[in-house]
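Colleague: I am new to this model and would like to learn how to read it. Please take me through a few features.

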Amino acid sequence: MSQTSHTPTAGGDHPRPSGAVQGPQPRLRLATYPSLLAMPALLLLIAAMGYPLLTVTLRSFSDPAWGLQNYVWFFSTPVNVTVLLRTFSIAAWVTIVCVIAAYPYAYLMTAVGPRLRLVLILCVLVPFWVSGVVRTLAWVILLQDSGIINSVIRLFGFDGVKLIRTQTGVVIGMAQVLLPFMILPLYSVMRGIDLRLVQAARSLGARPARAFLQIYLPLSLPGVFAGAIIVFILSLGFYITPALLGGPRSTMLSTLVQSQVLSLLNWGRGGAMGVVLLVATFVLLALAAPLMRQRHKQASRS
Amino acid sequence: MTARERGAAIDIKAATKRYGNFTALDDVTLHIEPGEFMTLLGPSGSGKTTTLNVVAGFTDLTSGDLAVGGKSIVALPAHKRNIGVVFQHYALFPHMTVGKNVAYPLTLRGMDKQARDRLVVRALDMVKMADFAHRYPSELSGGQQQRVALARAIVFDPPLLLMDEPLGALDKKLREWLQLEIKRIHRELGTTFVYVTHDQEEALVLSDRIAVFNQGRIEQVGTGRQLYDEPTTLFVAKFIGESTSLRGEAQTSGNETSLTIAGQKIVANGKLAGGRKPVVLLRPEKLSLAGTNTPPAAGQNSLTGEVSEAIYLGSGSKYQVTLRDGSVAIVRSSLEATPFSIGDTVDLRWSVVDAKLLADDDRADMTMT
């Protein structure tokens, strides 16, 4: 670009020193206000998340009358507290199952050649493209008392296992649906781990298992935490899978919210449940944050 | 410091490594003396790093044997070999401080904290990094990281230290300084060092002996001087230092080979067996330039050419002379020599005894750019 030009050109992207500004008024530029790039997403979040959330919160305090009666009702009804605790417990189990299943899978993705890696990535992504309802119904067929899993178990002479309408069935189904959310962050972190570090540890005298536990595992923890948080939070709000695979003894909070709002038209109580779940999640995250922040800092030192 | 056992001898015997159709190591045999500084030198893909990985235990041999201190270690996994390794990219553990990194091999050996701390301080002192024990690797520069990696590799007192292009990622100044540091540490430890590099200058600075690798084989093993003055193959001659190679129509008579280059005849001592095509190899400092009107002295060869580049180097001058057959000669002359400028027609002169007769090899040129 010509150095003698003094008028800002239309596509000019070089910020000029303020003293040198001449000619027309400086226009609003993306380069000077990079935060503008976040505007579309922010607007969408405000419209689709912020406003409804505000309404729900307001109604939990104001429906049918102003006051805390919805919260008093929630915590004084034992079944609500039981379901709240169960929701967290199921989410924790789903997270654990996902970590155990995803860790070796993600590791394999980093270890194989590009062609096999593509196949493995497709195996993760294809279920994504199938609707959750369809996948859950498939689990109904697999898990039911006369389903494939039970038929195989009986084939080997064992007693059938009650899977459908149990908490185990819900955990299995949810873990399968949420597995990609664990595998992908894990893979992206593991891909960045320098395997020569493991080699270095071996040369220094570490048995393979020890090199893994002391070098590879700590470096992969940021991926575990990232995946765990996504899976855990998504699990808390799961609705379809627990509703179809679960029974009355494995109801999760979202089902209760649904019955309060849609069946009983009790918006205040439904809102209160949502707010309780939200606050509980935030508290849990705040508790986990210091631990994670430290791990992240260490890993990002690479 | 207590009396330290000297480094271990290494014997690589007929080592071959194949990956499918590709032969990374082809029947490599190499003996390294205890306490020796041996450099494996060669272009990328020549098998030098494969050799290092085989010794470290990261790569299994297809066939052959490997002994350290007289004992075969082919069957031992990497973690039982007790060999220090320094990697090109440092390979420091990012989640551990410098102190923890250096202490790691001692922790693995179950050493108590007091003894461990003492050795860590000693190793960090040796690489002049003692003040950095509480830093994380990411807070250090490349040169500092590599010094820590070196400390970590020597802290457990291995009889053998392997280094895989450890200075490859550093800038020239730092590299030169660290070369001297590595030399000093080698002297102080008495450990056997095996050092991989593609930089011939680095090899000459550091090594007791150099093994020149090419296409999975060792071309020649010797001191830097031997490789420079008495190369046995054209590849070695071209890889170590600068040189001019002359080709032409060859004739042998007695123990003398003559080449006719663009009508001018030159002679070299010796002849090649097996009717291979000869090349006359000349080092730049053995060549001199003279005006075409002065006759050559007895026992001197002379070829006419034109100066195509003249560079003043302070300590002397460097010339490129394009000969009549199109080949280019590199000449280094002292300050006292008559200066020439670009375009001058000159005679290239050298003593017959200074020329080296080698077998032609088109692989040698491919690797030189």
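Colleague: What pattern does chain A follow along the sequence?

Modeller: Helices (H or I, at least four residues) and strands (E, at least two) are DSSP runs, numbered from the N terminus. Read that way, chain A runs α-α-α-α-α-α-α-α-α-α-α-α, with 12 helices and zero strands. This is a predicted model, where local features need pLDDT of at least 70, side-chain atom pairs count only at pLDDT 80 or more, and totals for chains, interfaces and linings use all residues. Residues are numbered from 1 along each chain as its sequence is written, while chains are lettered from A and ligands numbered from 1 in the order in which they are written.

Colleague: At what angle do helices α8 and α9 of chain A pack?

Modeller: Two packed helices are described by the angle between their axes and the distance between the axes. Axes are lines fitted to C-alpha atoms, for helices over the stretch in contact, and angles run from 0 to 180 degrees between N-to-C directions. Here α8 (residues 195–203) and α9 (residues 208–236) of chain A pack at about 130°, with axes 9 Å apart.

Colleague: Where is Pro64(A) found?

Modeller: Pro64(A) sits in the loop between α1 (39–62) and α2 (69–76) of chain A. A cis peptide bond links Asp63(A) to Pro64(A), with omega about 5°.

Colleague: Which loop of chain B holds Asn82(B)?

Modeller: The loop between β5 (71–72) and β6 (84–86). Asn82(B) is not a glycine, yet has a positive phi of about 60°.

Colleague: And where does Ala262(B) lie?

Modeller: Ala262(B) is in the loop between β13 (256–261) and β14 (264–269) of chain B. Its phi is near 45°, a positive value in a residue other than glycine.
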